[in-house]
2 protein chains.
Amino acid sequence: MSMLIVGSVATDTVKTPFGKREDVLGGSATFSSISASFFTTPHIVAVVGQDFPVKYLSIFKGRDIGTEGLEIAKGKTFHWEGYYDYDLNTAHTVHTHLNVFKDFNPKIPRHLRNSRFVFLANIDPDLQYNVLKQMRRPKLVACDSMNYWITNKRKSLERLLDKIDIFLLNDSEARLFSGEPNLLKAARRIVSHGPKAVIIKKGEHGVIYFSRSSHFVAPAYLLEYIYDPTGAGDTFAGGMIGFLSKASRINDASMRKAIIHGSILASFVVEDFSVNRLLDISLGDIRARYKQFRRITKF
Amino acid sequence: MSMLIVGSVATDTVKTPFGKREDVLGGSATFSSISASFFTTPHIVAVVGQDFPVKYLSIFKGRDIGTEGLEIAKGKTFHWEGYYDYDLNTAHTVHTHLNVFKDFNPKIPRHLRNSRFVFLANIDPDLQYNVLKQMRRPKLVACDSMNYWITNKRKSLERLLDKIDIFLLNDSEARLFSGEPNLLKAARRIVSHGPKAVIIKKGEHGVIYFSRSSHFVAPAYLLEYIYDPTGAGDTFAGGMIGFLSKASRINDASMRKAIIHGSILASFVVEDFSVNRLLDISLGDIRARYKQFRRITKF
């Protein structure tokens, strides 16, 4: 079923202990749509500047990702520069140039307004809310956010949460949002704000899924080589929702499988810079790693 | 089958954000033997001073733990004082009074020398080695260690590792021992030093089991209340080895079940100070939590 992703398309300059890459393809809509494209045909709504390299556009086209909603605006593309030390869990930002993304006010093309699956990647919660207002009864809405909005747009975020199904955030954001250091209590409190479920992403330590009726805990897939963690969270989300959109029904069992598929996609993306690794793998590779994941977690 | 534990019996003064307890029962042999006692009849070899409260002795007797090897020496019992902040993963030591433990040189009573399962809790690796020399072909030997020995008695530790089956250590110790920040590579390197398997304990993030032929990753049981993490690692080890000692055979499947049982025991012990919670629960409680653990991790 149709999947809509609203977020950023950017160029990134990233340094890790394993190398540096300049002006590579990045952004939340990029990672999540390429990840989802293994399972479905996602459509992105985002904005780039006139400097955006056409070679990156062809990556989307090559994955059959709908770009009707990708606006090309006057100005420069959103650019992020950052680095990671050996603690690959923490991104250090050198600078963020929002450029055309600063005035991003997503308008959903008419034929995408009845998309059944919606991923609202991390942008201003008021904009996320406006997107939802344009949609016609989607089946599942997931959204991401970040510490900046939790601190500075709390009310807007709470208004949004009441309208969504799955709220994704990382462990420190979950603690910040809930004021609760214990993640189980944090999850319970977040769900009391309206979303049907929360997924707390713990990076190399896996994820916690918590809904009113069930909870699920999964470790991350163990990797020997992590070159660049940029985009892992969005890759997780895109893979998970993409998988769900193809499930015959959404229930606890398919939700868990979707979460593991999201983790598997994230485990691939960090094995190289930017989206390179995702462009390298097939559905067969994903299935093989899923099987291996079962083997190493089964008891 | 018979199980021998060599380690410390101590009194602890512990402060956490949830309270303070003075001179409560502690020590690696204490936590691990009480944990193991749910599955088997462990025997401890340790030393206490003449000030050791007899009420604590009766805890061992009450759990049918063999104390023939518990020496009562002239002087005072090993005493540790420490505290935890909200980051319950890190113990801060206020002071360590080794007292009679300083001259501990474990002599294994004759009838315990053919114990089939041996847990060498964290002591000087030369002493651990001497214990092994006294044993008659145990079926399984597990040992724990700590950063101090890794740094200061590296050679002794390596000599020991060549003789043991399972080496238990936490994530920072694994990185220290192997010089490798990536835990999968760290595990591989540790196993190359001789032990058949390594278990890397990541506290609230679960465990990694790594042997030459298999690896297994498990999250920790999610808890809403953690009052005192003291002894969690030893409780894990005792529960795991105790469970293994009752398994009809030792193979990959029973090893995984044993690891989860160790985690379950650890999840209980942190719910109260000292060993209090362990004295509170039954095998039925352990089985119920094991089932719940399967439910929340299954996919």
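Strand β8 (residues 117-120) of chain B is joined to β9(B) by four bridges, and the two run parallel. Strands are DSSP runs of E with at least two residues, helices are runs of H or I with at least four, and both are numbered from the N terminus. This is a predicted model, in which local features need pLDDT of at least 70, side-chain atom pairs count only at pLDDT 80 or more, and totals for chains, interfaces and linings use all residues. Residues are numbered from 1 along each chain as its sequence is written, and chains are lettered from A and ligands numbered from 1 in the order in which they are written.

**Strands and sheet**

- Phe119(B) stands opposite Ala142(B) of β9(B).
- Four of the five residues of β9(B) (residues 140-144) are buried, so this strand is largely enclosed by the rest of the structure; buried requires 20 or more other C-beta atoms within 10 Å of the residue's own, with C-beta atoms placed from the backbone.
- In chain A, nine strands form an open sheet of mixed pairing, in the order β5-β4-β1-β8-β9-β10-β11-β12-β13; strands pair if DSSP finds at least two bridges between them.
- β5 (66-72) and β13 of chain A stand at the edges with a single partner strand each, so one side of each has no neighbour in the sheet.
- Strands β10 (residues 166-170) and β11 (residues 197-201) of chain A run parallel and share five bridges, and Leu169(A) has Ile200(A) as its bridge partner in β11(A).

**Helix packing**

- Helix α6 (residues 171-178) of chain A lies across β10 and β11 of chain A, at about 110° to β10(A); axes are lines fitted to C-alpha atoms, for helices over the stretch in contact, and angles run from 0 to 180 degrees between N-to-C directions.
- α9(A) lies across β12 (207-211) and β13 of chain A, at about 25° to β13(A).
- In chain B, the axes of α1 (residues 28-36) and α8 (residues 232-246) come within 7 Å and cross at roughly 40°.

**Contact between the chains**

- The contact takes 22 residues from chain A and 22 residues from chain B, where contact means C-beta atoms, placed from the backbone, within 7 Å.
- On the side of chain A that touches chain B, β13(A) gives the largest share, four residues.
- 100% of the interface residues of chain A are also interface residues in chain B, so the copies meet through the same surface.

Terms used. Two residues are in contact if their C-beta atoms, placed from the backbone, lie within 7 Å. A residue is buried if 20 or more other C-beta atoms lie within 10 Å of its own, exposed if 12 or fewer, and partly exposed in between; C-beta atoms are placed from the backbone.
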